[in-house]
Amino acid sequence: QVQLVESGGGLVQAGGSLRLSCAYSGRTFSSFTVGWFRQAPGKEREFLGLIIWMSGGTRYADSVKGRFTISRANTKNTIYLQMNSLKPEDTAVYYCAARSSSYDSTSASAYPFWGQGTQVTVSS
C-alpha cells in the first residue's frame, strides 16, 4: 500500500506564505504522479497542481499558477507545495494524492491514494 502524510498547514495572514509537505512511503512504482488538491467547506475538491515524479514535470490550475509551486526531494520521498501571496479564499483542507502513472490527470477520481489532509486558514 501507499501512505501519504501531509504537514505544514496552519494559520497565516493574507499575503503570507506557507509550505506544505507530503511524505510518501510504502509501495513504490516505476512511475507515478502526485497531485495537490484542496477542499473548502461546502465546495467540491479542487485540483491545484501535480508533479510527475520521474521527470519532475509540473502542471498547475489557473487559479494558483504563479503563486503556488510544487517540487520534490527525491532522497526524502517528499513533495512540497509552496504557497505564496495567500488569500482568504485559499482557506481549505489541503490534500496530496498519488496515482501509479506518469500520465497527468487533474481529476480527483484518478488518484487512488490520499493523505489525511492539513488545514490552511488565511485571515484577512
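Two strands count as paired if DSSP finds at least two bridges between them. Strands themselves are DSSP runs (E, at least two residues), numbered from the N terminus. The model is predicted, so local features need pLDDT of at least 70 and side-chain atom pairs count only at pLDDT 80 or more, while totals for chains, interfaces and linings use all residues. Residues are numbered from 1 along each chain as its sequence is written, and side-chain values use heavy atoms, without hydrogens or water.

Start with the open sheet. Its 4 strands follow the order β1-β3-β8-β7, with antiparallel pairing. β1 (2-7) and β7 are the edge strands; each has a single partner, so one side of each lacks a neighbour in the sheet. On average, neighbouring strands are turned by 20° against each other, direction ignored; the angle is taken between axes, which are lines fitted to C-alpha atoms, on a scale from 0 to 180 degrees between N-to-C directions.

Now look at β8. Strand β3 runs antiparallel to β8 and is joined to it by 6 bridges. A23 has T78 of β8 as its bridge partner. β7 (residues 68-73) also pairs with β8 (residues 78-83), again antiparallel, over 6 bridges. There, I70 is bridged to L81. β7 and β8 make a hairpin with 4 residues between them, and N77 in the turn has a positive phi of about 50°.

Next, the cysteines. The whole structure holds 1 disulfide (a pair of cysteine sulfur atoms within 2.5 Å). C22 is joined to C96, S to S 2.1 Å. C22 sits in β3 (residues 18-26) and C96 in β9 (residues 92-99), so the link ties together parts 74 residues apart in sequence. The link of C22 and C96 is right-handed, with 70° about the S-S bond.
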